[in-house]
Amino acid sequence: MASGAAAAALSLGGCEAKAPPPTTTTTTAVLGPPTAADWRRLRDSLAGTLVLPSSAAYATNRLLYNSKFADPRPAAIAYCVGADDVSRCVDFVTRHEIEVAARSGGHSYGGYSSCNGLVVDVSRFNSVTVDTKANVAKVGAGTRLIDVYNEIGSRDRLLPGGSCPTVGIAGLTLGGGVGAFGRKFGLTCDNLRAAELVTAAGDRLRVNANKQPELLWACQGGGGGNFGIATSFEFDIHPMPEVTLFTLQYPWGSAADMLQAWQHWVATAPDELWSNCQLLSQGTYGFLAQIGGVFCGPPAALESLLSSLRSSVATAPSSTFVGSDRYIEAMKIEAGCSALSIASCHLATVNRRGVLSREAYSAKSSYLDAPSGSAHAAKLVHAVQTLKDYAPTVGGGLAFDAYGGAINRLSSAQTAFVHRDKLACIQATYSWSGYTSRAEIAAGQRWLTWLGAEVFTPQSGAYQNYIDPTLLDWKTAYYGTNLERLIKVKRAYDPENRLAFAQSIPVHL
Ligand SMILES: Cc1cc2nc3c(=O)[nH]c(=O)nc-3n(C[C@H](O)[C@H](O)[C@H](O)COP(=O)(O)OP(=O)(O)OC[C@H]3O[C@@H](n4cnc5c(N)ncnc54)[C@H](O)[C@@H]3O)c2cc1C
């Protein structure tokens, strides 16, 4: 896993002019805005399906996961079935100078997988092949996480990923990929050993540690939608460990004490222990303080770790759950799908048998560099209580995901994912339903803005997969010391900045 990334980094060490631009700028005749006949020609040239606004399927097919993006109205959505389809789409948008956005799972927090032009949807690239001898899995770029876990898990292997079952593997991997097995096996992007992409010039490339190593490096956390449209990924996979899940809930009055104890606990925890800590305002249901996680090992081995956590919080937990489970069942619990079949654990708007619904939410992220003192812990708890003052019925709060372990053993430059020295990522969210008033939704946004200004300062980075359209210094927050190198990769592979959106890597600083 790290060897590919390390080789990529080494091959570039200190050599600015060495990265060989694989594509030269192409001069393509510009034809002006596409006419109906142009769209028909594109449709006829694709092996997949082109959905135009006149199609009955358009109303559903244009939707993203976050229902707050009520109105993405692309000129067309191309459901590609092969890399040639993707190349044709790229050629089409170049000739007609229209916007393009790649879409895998459609979960971008900024809605950046839609645009006014052509959406290149890769969801039909959804096959997973597993080689248990080489411990490698080839995964189509539109595969949803629940299918990745299920297919790889059925061969007694795992790929570390995230929690949400309907997230697409492309967005997750290209921006990092943080989840329950990250401390043990690294981020999803750390396990990426090769990828197939169509560049902005329409070229089909296979990238690995030897071929286009800089592009592989950029695909390991440099953010989705920036360097090409991926059609498949090759990952290192790992033998399945025994898995034990746990949750400890505490009375809200001891939330600050719990948060502080959790931070010290995860700072010295073994790689086998992944954990997150949640402080939530649940609207009319009050507040929730809990620590949960996944341990790679048997319950008995977890018990001594939990007892050291319990002894460092003055109050006893109000409830404790510890249970071992099969990996795929554990992932279904993490995904909120424990009572569902794999086929049902999909969005109803995307899969015929899917029963999950889209959600409406806004979010903001930051990082903890080291365990905070009691004053800072109290400030974070107070911030969650403040959400209730702003918006009494919306649910939301702060979730802290432990980093460390294998995540932090790579250096910041080894992959494009720069956040390698953090104790934990903090994600602030609030979500609402169709019954929430506009005034309360707006108040929730004011809470996030206040949080960004008053609580997440100084901004110690932000997670690029929790992409935040309201973040001002987003380039530094997402990419830090890797930004300049990412810009060089962008210039090499997309010199005309054809793959562009509000927070895409620019071609110049
Ligand atoms: C409910 C929920 C839970 C989440 N949980 C986690 C978690 O546990 N861990 C974690 O790390 N993250 C998590 N995330 C964040 C998630 O990783 C990002 O939102 C991710 O970008 C989503 O990927 P996607 O493919 O579903 O989204 P998309 O919206 O399809 O894509 C995201 C970005 O990648 C680009 N892109 C899509 N496909 C391609 C492609 N084939 N080639 C190149 N670029 C492409 C898009 O243009 C867009 O800019 C969660 C998000 C949600 C909504």
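Predicted model: local features only at pLDDT ≥ 70, side-chain atom pairs only at ≥ 80, totals over all residues.
I started at the ligand and listed the 33 residues around it, with Gly 105, Gly 162, Gly 168, Gly 171 and Gly 224 as the closest. Numbering runs from 1 along each chain as its sequence is written.

Next I asked which elements build the shell. Strand 3 (100–103), helix 6 (169–175) and strand 10 (229–236) each give at least two residues, and helix 6 has the largest share with 5 residues. Helices (H or I, at least four residues) and strands (E, at least two) are DSSP runs, numbered from the N terminus. I sorted the shell by class and got 15 nonpolar, 17 polar and 1 charged residues. Here Ala, Val, Leu, Ile, Met, Phe, Trp, Tyr, Cys and Pro count as nonpolar, Asp, Glu, Lys and Arg as charged, and the others, Gly among them, as polar.

Then I looked up Cys 164, which sits in the loop between strand 7 (157–158) and helix 6. Buried or exposed? Cys 164 is buried, because it has 21 C-beta neighbours inside 10 Å. The cut-offs are 20 or more other C-beta atoms within 10 Å for buried, 12 or fewer for exposed, and partly exposed in between, with C-beta atoms placed from the backbone. Setting aside neighbours within four places in sequence, I found Cys 164 in contact with His 107, Leu 145 and Ala 335; contact means C-beta atoms, placed from the backbone, within 7 Å. From Cys 164 to Gly 179, 15 residues along the chain, the C-alpha separation is 9.7 Å.

Leu 145 took me to helix 5 (residues 145–153), where it is one of the buried residues.

Last, the domains. The assignment, which is automatic or from a database, gives domain 1 (2–16 + 127–239) and domain 2 (243–325 + 359–471). Their contact takes 24 residues from domain 1 and 22 residues from domain 2. On the domain 1 side, helix 1 (2–12), helix 6, helix 7 (182–185) and helix 8 (213–219) give two or more residues. That side has 13 nonpolar, 8 polar and 3 charged residues.

Definitions and conventions
Contact = placed C-beta atoms within 7 Å. Near = placed C-beta within 6 Å.
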